[in-house]
Amino acid sequence: MSMWRSISWWFTLIVLLGAGLWPIASGSATGREDMFLILMLVTLASSLNILLGYTGYVNFGHIVFFGLGGYIGFYLMHRQGWSLGPAMIAGGLATAALALVLGTIILRLRGAYFALATIGINEAVRAFVANFEPFGGATGMSLNFAVYQAYGGAAQALWIAYGVLLAVTLLTVGISFAVKHSKFGLGLMAIREDEDAALVLGVRGPRAKTLAYALSALFPGMVGVLFFFKNGNIEPGDAFRLHLSIETLVMVMLGGQGTVWGPILGAALYERLRGYLLTSPLFKSLHLAFAGMLLLLIILFVPAGVIGWLRARFPAIRRVIP
Amino acid sequence: MVSPGVWIASLIDGLLLGFVYGLAAMGLTLIWGVMRVINLAHGPIIALGMFGVYLLFAYGGVHPYLGLFAVALLGLLVGILIYAIAVHRVLTAPHLSTLLATFSINMMIIGTGTALFTTTPRNIDISLGRLVLGPVVLLGTRLLAALAAVLIAAGLYVFLYRTTLGKMVRAVASNRAAAELMGIPSARVLAFSFGLGTMLAAVAGGLIATFFPFTILSGGAYELKSFVICVLGGLGNPTGALLGGLILGALEGLIPIVLPVSWVPVIEFLLFVLLLLLRPQGLLGER
């Protein structure tokens, strides 16, 4: 594949792998917890970017896939005794399949109508899960502590979950890179710029959009399983936090929508910033307001985000930062 | 077997609520109709309307129904401010920008509101007695809220069709460039329309606060209802919004008789998604 001959992909891979392996090399549990959160957000933001940045469709319900994937994987591990790997893949495939079905229906809607539909889906799925008894209804489910024995104890299980997450993150970013540099990705970007023109030029609009939607749903489903496996319990309020959908949007916008590095940088920056705001007494309760202000400033003044701005300002770095 | 009296009582209860839902949705649909912007700060504005009436009542001793007038004026001003700060610059940008810009306002209001008021439920303690007609018991506050909603909706209609400013709003809605050529200051008319939309939302919030407890986050639920209603009635169509509100109110009154209450949102949103697909122009069509 040509992407293995590109400087910018090697750069991306080395930086991510370096950052991701650091906690494993140093064996620090706090470092691992910090990186777990960052890698999770990088995966969520990068997968959202496939639909938001490349295709130009706003999705307010990205977290549906995270929550639903988490629920499906959790159900398989908890009630059916599956192990983490197969449960994670099943969670991801189930959400991707759901997106494929949903996408064929709702991606006939364009622009603002699609955005509205995604808000509706988020609420409908949350309300459905809260009423669905096999998933534990409103109280959710908890993993039996003994489950972790199969992974060599709870401490070992956390390291395994981290390692798997790192692999999923690399896969997500790799797919994001590959999509951006493929004919399929060009079709998506053509849809973003002018959907009618793209259709006239022979882009198969509905099919391309639906595939992009399914692809962007695959990874949050997998990450959801990992997150709730690590967490040990799952409930509707935790799994379908509309705020996390929105924060993911902020991350993508902050870093730069439509670039490979934008969501990575945006997620890392936003996480650090939020961590700081949450620990500073002045901003503790105001962090949401602050995030809103940040989002507004980006939209009004730097709509291309940090990476987009850098790429426009210094064309030389385009060779390195995709 | 549920007796017919219960059905009638629930239906009427739901319809009364539906008028107020319709009023809130009119605010959203007006803004969409005039400038093609989906105001994602709609919910927090509703919540601000609730808190406006509550604060005036609890700390200023102002009667809630008098407080509504102050809330209406404040709603108008806040809307104009939001338009000037967040919307005007991105009005011609793709949908993504206006959606996210209004959402950032949403986050700011919710963030500051949570910090100031926490999320402890508040309620306004007033009672206007009740009206008993056979099996049907009507609460005075709900009756008055529905009446106020109808009056305001009628007022909006008269304003849009009978006054010069209202005609300007409609002119800008149908073709901004042509309106500008006719000497209409379109930027100011747009700002005013946005203010009008938020005013309707704030007043609806104030009315809801007279009979339901609320927190700063309560607006979210009504925002979602407003979306459903707008799509039911046709985005951009104020009369449709009122009709949509009545339909949603009736559903909300009747569903709990046959299913647990927690299923109401599932059915509402299934309806919403189905409508978006089958008849995105709404039951009455756009505008």
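**Chain A, overall**

I looked up the radius of gyration of chain A first: a compact globule of 322 residues would have a value near 20 Å, and chain A has 19 Å, which agrees. The radius is taken over C-alpha atoms, and the globule rule is 2.2 Å times the number of residues to the power 0.38. This is a predicted model, in which local features need pLDDT of at least 70 and side-chain atom pairs count only at pLDDT 80 or more, while totals for chains, interfaces and linings use all residues. Residues are numbered from 1 along each chain as its sequence is written, and chains are lettered from A and ligands numbered from 1 in the order in which they are written.

I took the extents next: the C-alpha trace of chain A spans about 55 × 45 × 45 Å along its principal axes. I listed 14 helices and two strands in chain A; these are DSSP runs numbered from the N terminus, with helices being H or I of at least four residues and strands E of at least two. I find 51% of the 322 residues of chain A buried. Buried takes 20 or more other C-beta atoms within 10 Å of a residue's own, exposed 12 or fewer, and partly exposed lies in between, with C-beta atoms placed from the backbone. Of the contacts in chain A between residues at least 6 apart in sequence, 75% join residues at least 24 apart; a contact needs C-beta atoms, placed from the backbone, within 7 Å.

**Contact between A and B**

I counted 38 residues from chain A and 34 residues from chain B in the contact. On the chain A side, α4 (84–106), α5 (111–131), α11 (242–255) and α13 (287–301) each supply at least two residues. The largest share of that side, 15 residues, comes from α5(A).

Leaving out residues up to four places away in sequence, Leu23(B) touches Ala149(B), Ile152(B), Ala153(B), Leu200(B), Val203(B) and Ala204(B).

**Phi check, chain B**

Most residues other than glycine have a negative phi. I noted Arg36(B), not a glycine, with a positive phi of about 55°, in the loop between α1 (4–35) and α2 (42–60) of chain B. Arg36(B) counts as partly exposed, with 15 C-beta neighbours inside 10 Å. I also noted Thr118(B), with a positive phi of about 50°, in the loop between α4 (95–117) and β1 (130–133) of chain B. Thr118(B) is exposed, with 12 other C-beta atoms within 10 Å.

How values were computed
Two residues are in contact if their C-beta atoms, placed from the backbone, lie within 7 Å.
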